[in-house]
Amino acid sequence: MCREEDVQLAILEEPIKEIRTLKNYVNGEWVESNSSKILDVTNPATCKVLAKVPVSTGQDVDAAVEAAQEAFPEWRRTTPLARARYLLRLRQLLEENFERLARIGVMENGKTIDESRGEIRRGIENVEMAAGIPTLMMGYNAEDVSSGIDEQVIRQPYGVFTCISPFNFPFMIPFWFFPYAVATGNTYVVKPSSEVPLSQNGVAELIEEAGFPEGVINFIHGGREVVDKLLKHPSIKGVSFVGSTPVGRDVIYAIGAKHGKKLQVQCGAKNYLVIMEDAVLDATIPSVMTSVYGNAGQRCLAGSNVCIVGKDDTFYKRFRDHVVQAASNIRVGYGLDESVQMGPVKSQDKKERILGYIEKGIQEGAKLVLDGRRLRIIGDYPDTCFLNPAIFEDVTPDMIIGKEEIFGPVMTLMRANNLDEAIEMIHSNPYGNSASIYTASGKEARRFQYEVQCGNIGINVGLVAPIAFFPFSGMKDSFFGDRHGQGMDAVEFFTERKVVITRWF
Amino acid sequence: MPLNTASAIISFYAKLEDQVANFYEQLATVESYSAGKETLQDLAKENRRHRELVERAYREVITDALEACFAFSMNESHYIIDTDIAKKTSYPDVIKKAIEIEEKHHRFCLDAYEKSKSLMSDVAQAFGRIAKKKLSRVARLRSLLESYTST
């Protein structure tokens, strides 16, 4: 029997009606993979199969890279303004298909409809940013560096790039890279996550509709073999990757560097949210909820270690009680129900991994004050991938749950006597993706921003996700490379600078 | 039902605007209410425009970083509008009913404005503008009523 507040709202219409086997998009055509190995793509809320995706072969990769390589000479000679116009056409199509793409994201990933729409918007913003390429790609010059001699820097594209994207943002993450790559005159191969290939399949359809020349942007589905082949392919100039640190550092960066690739490798995280005693609690609580439980905690910017600063037990208890209450009230269910605030995690494997961390936390002596294993799901869905929000207290930075990335809806409460101690705790962790402080003190906030070694700093902002005009930063074990995705960093990553010195006799 | 996410708020609001627009459009076709026909048609058109304004604002500002799933705590039961009218309801009674509807709708827009202003300023601005507009609609309907009763 459901309680009144548990009643499920009407489910938004699902855009995927039939199961089909996806094809690769290569050289402007939809081609079947040579592989006989096919994987199911499932909806983590309903556990229903949505599509079949091929695990492409090395031969498939060769075809995609060759197509991109062949398209490159003509594409780089296409004027930046003309290239920008292709992007503007794509932008228009993305707007027209906004809701359909958002619902596909919910179905294949499990996130809520608000989260998925937010993801689409962020992707579109990158297209808008990249469409400014006629200006963004400009070089610079100086007259008379010596008598009668002028010098200039011009930016030129390299050739073929690729991105290897993760399951947690199936639509958005390739947009941190490919719009900039093609805007600057490179050609591209997108490798979507085989767990969530439908969003990028939808993007490929729109790229075809936008009329990009054959081979400029290609999409290839698959797994490790595809990744390995792309990393070692002699025609691939550079690789963008988003995923875990072990894979990013030990596979992508190690192998890619060995094969001379330009690399931007965005990895894992263990993000701190530091709560000062003067924080505005009413506004802080929803922000902390969004940071920790948004996307079911499956994002590299998710808040995880929530560190309450100060010796005041009353403040600590008040904060703890507030977050426990707020987290207990979170409605968990299928993201196409608009009243649902948190969806399932992507797969049973991922759920098992998170459950393993909860067990470890208990064994390590942390206190589970909200047990997310006690399921309360809105609607009649299999519990395979669902978890409710969990909260541990008495967590220390040396505990496994305090130092490793859980990538699930688990909050770990910590305490620090003062800001010095909190910053020390942040620095004791090998990751450096993001950290936030909640305070009313400008002085403390400035100190936090100045000292904390993380790529993305939030001041009264729990989810430090940079918009398209700024790089998606990251430090320490959260990033390997020198130029990040998005913004001018992306323009620089995808262009080579050439110096020209001129003298006329 | 809870209105606890931005999406739920926007959908509920869209339904309200449609419901009210349909109400005015139907009234405008009734012969015995012809005194207010032009106003009723105008109001209905405005409802459609308002819906579009709020939906566009939401779609253009929503990002995954906002507290869209965690900052709202409204309940639709407080804002449900009854647009049913009995046959042969007099013109003044119909206008009185319209005033009640507008006042309730105004309350929703005001509450949605308050809840969204700290996180989605464009959506809040849209709700704020529309809330003001609802008050001016109430005034317009009142003057319609007064001009009818004074004749």
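Author: **A covered strand and its setting**

Strand β12 (residues 262-266) of chain A is mostly covered, with four of its five residues buried. A residue is called buried if 20 or more other C-beta atoms lie within 10 Å of its own, exposed if 12 or fewer, and partly exposed in between, the C-beta atoms being placed from the backbone. Strands, like helices, are DSSP runs numbered from the N terminus: a helix (H or I) has at least four residues and a strand (E) at least two.

The model is a predicted one, in which local features need pLDDT of at least 70 and side-chain atom pairs count only at pLDDT 80 or more, while totals for chains, interfaces and linings use all residues. Residues are numbered from 1 along each chain as its sequence is written, and chains are lettered from A and ligands numbered from 1 in the order in which they are written.

Two strands are said to pair if DSSP finds at least two bridges between them. Strands of a sheet pair through backbone hydrogen bonds, either parallel or antiparallel. β12(A) takes part in both kinds of pairing: five bridges join strand β11 (residues 236-242) of chain A to β12(A) in the parallel sense, and three bridges join β12(A) to strand β24 (residues 479-481) of chain A in the antiparallel sense. A:Val265 of β12(A) has A:Phe241 opposite, and A:Val265 also stands opposite A:Phe480 in β24(A).

From β11(A) the chain crosses through helix α10 (residues 245-258) of chain A to β12(A), and this β-α-β crossover is right-handed. That term applies if, with the strands pointing away from the viewer, the path from the first strand over the helix to the second runs clockwise.

The domain assignment of chain A gives domain 1 (13-267 + 478-501) and domain 2 (271-467); such bounds come from an automatic or database assignment. The centres of the two domains, taken over C-alpha atoms, are 31 Å apart. Their contact takes 21 residues from domain 1 and 27 residues from domain 2 of chain A, two residues being in contact if their C-beta atoms, placed from the backbone, lie within 7 Å. On the domain 1 side, α3 (98-109) and α4 (113-130) of chain A each supply at least two residues, and α4(A) gives the largest share, four residues.
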